[in-house]
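Hi,

Here is the model I promised to pass on. Have a look at it first, and then read my notes below.

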Amino acid sequence: MRNRILGIAGLTIRQAIRSRFVISLFFLLLALLAGFALTIKGDGTAAGRLQMLLSYAMGSVGVVLGIATLWLACGSLSIEIENRRIHLVVVKPVRTIELWLGKWLGIISVAMLLLLVAGLFLGVAGHIARGRSHPDSPDGRALRDRILVARQAVSATRVGSQDGAAHWLLACPAAVSAQGVATLRYRFVAHLRDLPPVTGRWTVRTPDGATLFETDCIASMDGVNQLDIPLAALRSTTALDLIFHLQPAGEGTPQHVTFHPRHDVVLLFPCGTFAGNLMRALLLMFCQVALLAALGLTVGTIFTFPVAMFTASALVLATLFAQFFVFSSAPERSHAHEHHHHDDVTHVTWTETVGEHLAVGLRFAMAPALRYRINGRLAAGETIPWTEVHDCAGILIFCYSGLLCALGCLMLKRREIALPV
Amino acid sequence: MTENNTILDVVKLTKIFRDFWRRPTVTAVDGLDLSIRRGEIFGLLGPNGSGKSTTIKMLLGLLHPTEGSISILGGRPSDVAVRKRIGYLPEASYLYRYLTPRETLSFYGRLFDLPAAERRRRTEELLAMTGLESAADRAVGEFSKGMARRLGLAQALLNAPELLILDEPTSGLDPMGCRQVKELLRALADQGTTILLTSHLLADVEHICDRVVIMYNGRPRAAGALQDLLATPERMTLDLPALDAAATKRLLAVLREQLACEPELSRPTMNLEEFFVRVVNEAAEDPSPANAAGPHMAPFLKQ
Ligand SMILES: Nc1ncnc2c1ncn2[C@@H]1O[C@H](COP(=O)(O)OP(=O)(O)O)[C@@H](O)[C@H]1O
Ligand SMILES: [Mg+2]
């Protein structure tokens with residue numbers, strides 16, 4: 001069994017290499033990454049640049065590799081069935097599951113190889129950025145403390161306001177190192193645009209009232225504000241009290257602020273290295289790509305290559321769009337809609353109902369697979385915990401790909417291999 | 001053996017191809033009965049499009065019969081255990097073009113789950129037997145049809161099969177190759193390998209088949225042992241060294257007395273194939289790759 005699966009996987013890899021698929025993709029990825037690295041300016045700081053590079057690079061590598069993998073997978077079985085090379089394989093004592101798994105392993109190994117290339121590039125880019133900036137300059141600190149790090153986010157719980165001050169409670173994670181900084185992240189609701197920044201004072205206390213850290217800050221009304229708190233100050237406690245006092249500064253500045261209800265006040269604690277986080281991000285991406293490979297292979301068992309490619313892409317796009325569809329037909333939006341057209345009686349046709357049910361069904365079926373987001377998190381220095389990598393592998397590889405594997409084997413077994421579809 | 005020496009038993013095999021809307025388009029095989037015994041060479045003959053390849057694909061599970069039953073090596077075509085004991089050479093080269101012959105044989109060897117050492121040994125022996133040693137590390141995509149055919153034959157023999165199914169084994173081969181293949185098949189059959197082959201080139205199979213079925217339009221039209229089918233009991237041939245004119249005259253006179261009609265005298269000629277083989281053998285003092293494929297068989301097949 002192992003011999004046969006590895007034999008088929010090896011053949012798939014060899015074919016991908018010798019048909020120049022791998023080398024073309026290698027250079028394409030390299031060109032893409034190098035293009036980003038050379039052209040992205042960001043906000044002008046090294047930290048901003050690297051952050052943007054990471055976010056663009058991860059996004060585009062994901063898309064390029066996703067398409068390439070789907071392409072390879074859709075063709076892998078369907079083309080061999082069409083040109084009949086499969087005949088010499090299936091008359092050998094090979095079970096359909098060995099055939100499917102071998103192909104799948106081969107394809108995901110190719111994807112893994114290319115992901116490693118991208119990962120290596122980004123790792124080196126991070127290393128170079130770090131080497132270039134002075135470690136004590138604000139830019140160097142931002143790079144080190146906010147991007148080239150893996151930070152765990154701990155949400156604070158709002159406990160109300162006292163004396164015009166907003167008040168939160170927060171439990172510290174178990175092991176907090178003495179080095180580096182934790183970053184407080186918060187956001188206001190801005191009713192108008194281009195409001196001037198507000199000044200305020202953040203106080204961090206232990207639950208029994210001892211002040212650990214206190215600082216004045218200037219915060220923008222729109223966008224995310226960040227405040228670094230030295231970890232050395234937080235060392236002795238397991239829970240924190242966070243207090244924000246607005247300090248109105250004369251005419252024209254806001255007299256109150258409202259914290260954004262959907263963005264918690266969050267304290268980010270460093271808990272790992274950038275390299276480790278990059279690796280976990282790549283593993284998440286690998287799981288997603290492996291699912292695409294499974295989809296392509298299974299669709300390729302019944303369709304010819306172009307039809308398989310079209311069907312698989314349509315499925316992927318439908319899955320992605322199903323989310324937007326559901327949002328747009330959510331109650332608050334449809335109310336807003338009625339508001340604008342008083343006279344229109346909103347008719348819901350049966351096609352709309354069916355469409356909505358399909359979209360909701362698809363969204364429901366695919367929700368566990370779409371839960372894993374990588375992009376912004378790596379660039380923001382947010383940690384991707386190992387537990388999430390495990391979960392993702394379990395769900396995407398064992399559940400979804402496993403299901404697709406079973407389906408693919410069933411269809412392979414049932415169909416007449418020598419009959420073109 | 002519980003199979004009491006019947007390797008393959010096919011009853012009322014029928015295949016109707018259908019179009020997308022399930023309407024029948026062609027009846028490729030129509031009520032074929034076959035029974036093949038261990039160790040014989042069985043020929044499935046017929047013109048193009050008579051359903052030979054379709055029959056073979058059903059025997060291998062590549063197509064599903066519309067009707068009829070197949071018992072092959074005591075099992076069904078889809079059984080993995082059955083497929084372990086079969087070797088198959090398809091009608092055209094379905095080899096991977098990016099692989100070299102060595103890699104090709106190694107790959108199919110893995111599918112048979114042969115241990116690495118055994119795989120290497122058989123690969124080398126088969127490459128030597130088919131005369132592909134000098135091309136062993138070139139991509140199969142660059143091969144001529146005959147070379148691909150030889151490699152196809154080599155992969156069919158990898159598992160030392162009990163039942164060898166060959167779809168037009170001699171097509172694309174030069175006369176030397178043809179002859180070598182025929183000699184090889186004869187030798188394999190003498191060792192107990194059962195062989196089912198198809199052909200529309202009758203001269204190629206005439207000398208080696210024990211029994212044949214002749215198909216036309218999917219139906220068997222004649223079947224039986226080749227000797228019986230080709231026997232012409234009302235005639236005979238006398239084969240003797242050339243006589244001088246006087247002796248010939250006396251002989252004819254004697255014969256004329258016995259026969260109602262005039263006897264016909266002719267001198268046998270070589271057929272073109274024999275002549276070709278002789279010329280090439282004389283020309284090739286040093287063996288070229290084409291005839292390096294000696295009559296020797298891969299040692300692992302001699303068991
Ligand atoms: N996949 C197919 N779909 C439809 N018709 C087919 C298919 N394969 C073979 N046929 C038809 O079946 C008949 C027998 O073909 P085949 O078995 O290949 O003949 P041959 O005896 O030359 O090997 C032919 O008329 C051919 O057109
Ligand atoms: Mg044919």
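Asp30(B) and Arg219(B) form a salt bridge, with the closest N and O atoms 2.9 Å apart (a salt bridge here is a side-chain nitrogen of Lys or Arg within 4 Å of a carboxyl oxygen of Asp or Glu). This pair ties together distant parts of the chain: Asp30(B) sits in strand S2 of chain B and Arg219(B) in strand S9 (residues 219–225) of chain B, 189 residues apart. Over all chains, the same rule gives 30 salt bridges.

Some housekeeping before the rest. This is a predicted model, so to speak with its own entry rules: local features need pLDDT of at least 70, side-chain atom pairs count only at pLDDT 80 or more, and totals for chains, interfaces and linings use all residues. Residues are numbered from 1 along each chain as its sequence is written, chains are lettered from A and ligands numbered from 1 in the order in which they are written, and side-chain values use heavy atoms, with hydrogens and water left out.

**The sheet in chain B**

Strand S2 of chain B also belongs to an open sheet of three strands, ordered S2-S1-S4 (chain B), with antiparallel pairing. Strands are DSSP runs of E with at least two residues, helices are runs of H or I with at least four, and both are numbered from the N terminus; two strands pair if DSSP finds at least two bridges between them. At the edges are S2 (24–37) and S4 (67–72) of chain B, each pairing on one side only. From one strand to the next the twist averages 20° (axes are lines fitted to C-alpha atoms, for helices over the stretch in contact, and angles run from 0 to 180 degrees between N-to-C directions).

S1(B) and S4(B) are joined by five bridges in the antiparallel sense, and Leu8(B) has Ile72(B) in S4(B) as its bridge partner. Helix H1 (residues 52–59) of chain B packs on this sheet, touching S1, S2 and S4 of chain B, and its direction makes about 115° with that of S1(B).

**Where the chains meet**

How many residues of chain B are in contact with chain A? There are 30, and they meet 31 residues of chain A (contact means heavy atoms within 4.5 Å). The two chains bury about 3000 Å² between them, 62% of it on carbon and sulfur atoms; buried area is the accessible area (1.4 Å probe) that two parts lose on being put together, summed over both. On the chain B side, Tyr94(B), Tyr96(B) and Leu111(B) lose the most area to chain A, together 24% of what that side buries.

Five salt bridges run between chain B and chain A. One of them pairs Arg4(A) with Asp113(B), the closest N and O atoms being 3.4 Å apart. Strand S1 (6–18), helix H2 (80–83) and helix H3 (101–111) of chain B each supply at least two residues of the side that touches chain A, and H3(B) gives the most, with five residues.

**The sheet in chain A**

Chain A has an open sheet of five strands in the order S2-S3-S8-S5-S6, with antiparallel pairing. Strands S2 (157–162) and S6 (211–219) of chain A stand at the edges with a single partner strand each, so one side of each is left without a neighbour in the sheet.

Five bridges join S2(A) to S3 (residues 165–171) of chain A, with Arg158(A) opposite Trp168(A) in S3(A). Strand S5 (residues 198–205) of chain A pairs with S6(A) over eight bridges, and Gly200(A) stands opposite Cys217(A) in S6(A). S5(A) and S6(A) form a hairpin with five residues between them, and Gly209(A) in the turn has a positive phi of about 100°.
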